[in-house]
Amino acid sequence: MERVAIRFLVATAVILAAAAVISGELVDETSATAGLLWSTGKDEPDLLSKAEPENSDDSSAAAVVNDHDDLDGGFSSLEGMLHWAIGHSDPTKLKESAEDVQRLSASELQKRQLELKELMEKMKMPSDAELMQMAIDDLNNSSSSLEDRQRALQELLILVEPLDNANDLNKLGGLAIVIQELDHPDQDIRRLSAWVLGKACQNNAAVQKQILELGALSKLIKMVKSSSIEEAIKALYAVSTLIRNNLAGQEFFYAEDGNAMLQEILSNSSNDIRLRRKAVSVVADLAEYQLENIVRAESPCFRNRFFLKSVVDLTASTDLDLQEKALVAIKNLLQLKTTEALVLKDLCNLDGSLERMRQQLLDLMAEEDHRDYAVDLETLRREVELIFHEKLGKVMKVPT
């Protein structure tokens with residue numbers, strides 16, 4: 001593909017330069033390639049030396065072809081593109097091509113010149129920033145159809161994955177517009193908008209701050225309660241990425257009673273399993289962040305017995321992924337200062353839950369398809385059991 005592109009660009013360079021020579025724009029006619037070389041702003045020796053391979057074997061040719069950073073990243077101007085093409089060409093063939101083109105009439109050259117310019121315009125790809133701006137403009141256009149809005153959000157979903165693009169989204173005015181779409185009457189538009197916000201702020205403190213300042217978190221928390229399960233899942237995903245490792249986001253989350261929202265999802269077995277998995281993962285993340293920031297006061301939800309029970313009860317699920325996520329959350333919660341071991345023992349029956357899980361995993365280990373996963377899960381279960389008994393032992397130890 002690179003070789004085809006090089007040949008096309010060289011042909012373009014030759015034709016455009018030859019057309020310039022005939023039209024009188026270039027005056028140096030001492031050689032067949034004079035006009036071409038003049039148009040690039042480089043002397044002939046410089047250009048020919050760039051076109052010469054360093055070695056004569058086949059591997060050097062491959063090295064030249066692979067040297068196409070400009071081709072991959074685009075060109076800032078037509079002149080830059082032509083200069084690159086000349087620098088990656090065989091000088092002998094370049095000169096022969098120029099001689100052939102100069103035999104054409106002025107009208108024929110002009111026609112070819114226009115055709116090639118039109119083709120190059122069609123080949124030109126917009127930058128990511130330009131693509132984002134087009135998508136943002138579609139969203140900001142009140143006359144855009146529902147399909148156009150959906151397509152714009154789907155494009156942004158892909159474009160905001162790279163960190164630099166995510167950082168540019170707010171500069172282009174895109175964050176505020178996407179947040180506005182959270183209020184759109186169409187649930188699919190709301191779902192996609194939440195998804196875009198979640199992708200944009202994932203592991204990105206700067207974008208997290210921007211979204212929080214624009215007031216999106218309260219809207220997203222309300223969306224988690226949507227009757228549309230797909231909308232609720234994407235909203236909770238956005239909430240999780242927005243508050244992860246973010247103190248301001250977590251404080252606002254607790255102020256909005258986000259922990260009660262999590263408890264409702266976890267305690268209701270009729271909720272979609274995907275929503276429950278994500279919710280318990282958020283609990284694990286919140287507890288882990290607290291462990292990493294021990295000077296910060298612990299949230300009251302971590303000592304709420306019914307909140308803790310909603311997490312422990314997940315170990316009775318038949319879904320192994322949910323069980324694993326619940327164990328990770330319990331492991332983190334057990335290490336917090338305010339989490340009471342006796343509550344986990346008496347109200348939550350953590351001992352009994354871990355024992356039932358052990359029996360279930362033993363049965364799964366007998367099945368070849370589940371053996372490896374069951375072994376890994378049993379290792380985690382035993383680790384949780386040890387931490388629990390250690391914490392419980394400290395509480396029940398009688399001073400002497």
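The following legends describe close-up views of a predicted model.

View A. When residues up to four places away in sequence are not counted, S240 touches K278 and V282.

**View B. Helix 9 and the elements that cover its buried residues.** Helix 9 spans residues 128-140 and has 13 residues. From its first C-alpha to its last, helix 9 reaches 18 Å, close to the 18 Å expected at 1.5 Å a residue. The buried residues of helix 9 are M132, A135, I136 and L139. These residues lie on the same side of helix 9, because they cover an arc of only 100 degrees around the axis. The cover over them includes helix 10 (146-159), helix 11 (163-171) and helix 12 (174-180).

**View C. The aromatic pair of F253 and Y254.** The count of aromatic pairs comes to one. The ring centres of F253 and Y254 are 5.8 Å apart and the ring planes stand at 65 degrees, so the pair is edge-to-face. Both F253 and Y254 are buried.

**View D. K234 over the ring of W195.** K234 lies over the face of W195, at 4.3 Å from the ring centre.

Terms used
Residues are numbered from 1 along each chain as its sequence is written. This is a predicted model: local features need pLDDT of at least 70, side-chain atom pairs count only at pLDDT 80 or more; totals for chains, interfaces and linings use all residues. Side-chain values use heavy atoms; hydrogens and water are left out. Contact means heavy atoms within 4.5 Å. Helices (H or I, at least four residues) and strands (E, at least two) are DSSP runs, numbered from the N terminus. The expected span of a helix is 1.5 Å times one less than its number of residues. Buried means under 20% relative accessible area, exposed over 50%, partly exposed in between (1.4 Å probe, protein chains only). The arc is that of the directions from the helix axis to the C-beta atoms. Rings of Phe, Tyr and Trp (its six-membered ring) pair if their centres lie within 6.5 Å; planes under 30 degrees apart count as stacked, over 60 as edge-to-face and the rest as tilted. A charge sits over a ring if NZ of Lys or CZ of Arg is within 6 Å of the ring centre and within 35 degrees of the ring normal.
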